[in-house]
Amino acid sequence: MSSTKKNSFGSFGSSGSSFGTFGSHEVPDIGEIKPITTEFSQGSVPNSIVRMDRESAWSRWRRGYEIASYVGIQHALTYPFEYRVPLPEGTLPTEGNQPLILGVVQGFFTAGKEFGVHWTGCRVGSILRFDNVTDSTGALASIASITQDDEYWYVQLSGSWSVANPLPPPLYVPNPNGDPIKPLLGEILEDRILTPGGTPVTKDTLNPATDKRYGYVQAILIDVDGPNGILKLQRTSSFEASPDNVYLTPSTKPFSVGRYFTVGTRYACTCQDFSRRSYTFMMNLDGKEKNRFPFTRPALLKYGRHEVLTDPSTGAVNNSAMTNANENRNSSLTFESIDNPGIFNDFGGRYLRNFGASRRAEGPTTFADYTAKDNQITSFSDYWSPLLDEMRYCKHIYALRFEEGILPPEPSDLPFFTEESITEWEQNLVRESSKTNDHVGTANAMRGMALMDVPPKNFQSPQLLPMMQKLLNVPTSFIRLENFRMQDKTGAFYNPSAGESPAT
Amino acid sequence: MTDFGEVIETRYILSEAQLAASQFGFSEVYYSGSPTVYSPGDVVHLPYASGETSTMQALGDAWAAYASGIGPG
């Protein structure tokens, strides 16, 4: 690679080893004669193609693979949990099985980052089953019929639906104070349940009658028409496990009539790439504290949203990352406002989205891509699509998917312009992973875990609570520390809130 | 002597020592603890019996309570 020098606009964005830091970039040294690599109309962002390559979904995909295969998932930081969904006040639990959400929070040691660890959450799939969705007569909501246009499928669910008897919560939640809430928007739906109460099929399940695989289709839920019982799902980014046991995207066929939906695996991460935020770092893992008050350059202030966590009894702001397992906090959301210069360096990059099937660009993201009520996010609409734009999987989520053996489809936006060969580009990633591993392994042992507590004690920290809300998809007030049961190495569950500890 | 095109026996006959060394898949595996509950496609409490609160219903109850200003119990 040619010699470079740092951009004289300053190192906004962190200069960590991760490529996912928005903003920082290098400019070619103009001391030598070189082809022009800048573009017009790109403002102060020279060589924006290089930057775009680095920010591409492909880079995340590839880097996830590097992390999974070289650095490895550090199982010392794997925290499987069971979340007992709290019942509303005044509701008594029923007999038998209680509602649960199973998941895992995985820590990724991270070089040069505040708190030293990024936490990635995975909620296992199939926890929500549409054979548990009934209309007022008790009829089950199977897939009755499907119509489609270029971009969407419109799925009619079985049952009698009307304004008086719309689809039940959480699909469609009537709201006395305004528009109905649709918390499941953005979830991945899969037609994997063949019969009520049946085990969901996997991509390998054979139909004994035909000796062929059943296969299934998954797509993102875009909208819910409650009074008519219609779900709108994104066809363009759909995904099919075909009878040949391969994944196809977009799917070649719609959902199968007569089956029941279930939800897919859901991920969320605290990293600045997933959250589209760049935290202000006051120290790094080397212990070289920058010792400065975090600030955002006024020119970089953007519209965005941020959370403020407060003590429920005193109302005092409590942003500490180390806490005990009994301290629940209130979260209030400030949204559609200028970002918080004291906490976030940057809310992240804006990027162009993929083209839809209608060849109409989806346009840049807005920060109004969610709805909120009483300062809490009630739905997201930043949808996942496996090509270029998604509820954007970061490298940590890709690493988990590689580790799970679900090789995500290789994004189509392979870097098309680099100053070195693509082989060298990949080798750089490998070298970077190797270097990061060596560095973090030692540095983190010294102080990384001293900066932030581990799950579930950090779940109510400002870094994790928004992530847990996204992951569990319950109102933030329903995320209670006493409802987490963590699984220890023997497989037993313990309750940190009651002072229980894992087996030694 | 075989002619071209004839089907011949191609299976390699393993010796006793080779057979013993290839018994990997049949040997007893020792492990302790339980594997992490962490696999996509896992199913929680399947199926919910009639009368039980499913996760779907619990999530719906939580959001409905939230919309009405009711907190967790």
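Reader: In the hairpin of β23(A) and β24(A), which residue takes a positive phi?
Author: That is A:G491, with a positive phi near 95°, in a hairpin that has five residues between its strands. Strands here are DSSP runs of E with at least two residues, helices are runs of H or I with at least four, and both are numbered from the N terminus. This is a predicted model, in which local features need pLDDT of at least 70 and side-chain atom pairs count only at pLDDT 80 or more, while totals for chains, interfaces and linings use all residues. Residues are numbered from 1 along each chain as its sequence is written, and chains are lettered from A and ligands numbered from 1 in the order in which they are written.

Reader: How many bridges join β23(A) to β24(A)?
Author: Two bridges join them, and the strands run antiparallel; two strands count as paired if DSSP finds at least two bridges between them. Across this pairing, A:M486 has A:Y494 in β24(A) as its bridge partner.

Reader: And are the faces of β23(A) covered or open?
Author: Both faces of β23(A), residues 484–487, are covered, with A:F484 and A:M486 buried on one side and A:R485 and A:Q487 buried on the other. A residue is buried if 20 or more other C-beta atoms lie within 10 Å of its own, exposed if 12 or fewer, and partly exposed in between, with C-beta atoms placed from the backbone. In a regular strand the side chains alternate between the two faces of the sheet.

Reader: What is the order of strands in the open sheet?
Author: Six strands of chain A form it in the order β16-β5-β4-β3-β23-β24, with antiparallel pairing. β16 (266–269) and β24 (493–494) stand at the edges with a single partner strand each, so one side of each is left without a neighbour in the sheet. Further in, β3(A) pairs with β23(A) over three bridges, and A:E82 stands opposite A:R485 in β23(A). Seven bridges join β3(A), residues 78–84, to β4(A), where A:V105 stands opposite A:Y79.

Reader: Switching to chain B, how many of its residues are in contact with chain A?
Author: There are 38 residues of chain B in contact with 54 residues of chain A, where contact means that the C-beta atoms, placed from the backbone, lie within 7 Å.

Reader: How much of α2(B) is buried?
Author: Of its 13 residues, 12 are buried, among them B:L59, B:A62 and B:W63. The buried residues of this helix pack against β4 (100–109) of chain A, and just after the helix B:G69 takes a positive phi of about 80°.

Reader: Which residues touch the most other members of the largest nonpolar core?
Author: Among its 86 residues they are A:L233, A:C269, A:I397, A:M468, B:L59 and B:A62, a nonpolar core being a set of buried Ala, Val, Leu, Ile, Met, Phe, Trp, Tyr and Cys residues joined through C-beta atoms within 7 Å. Helix α2 of chain B, residues 55–67, gives the most to this core, with eight residues. Domain 1 (77–124 + 268–385 + 448–498) and domain 2 (130–264) of chain A both contribute residues, so the core lies between them; the domain bounds come from an automatic or database domain assignment.

Reader: What is A:C269 in contact with, leaving aside its neighbours within four places in sequence?
Author: Its contacts then are A:H118, A:T120, A:F274, A:C394, A:H396, A:I397 and A:M467.

Key. Contact = placed C-beta atoms within 7 Å.
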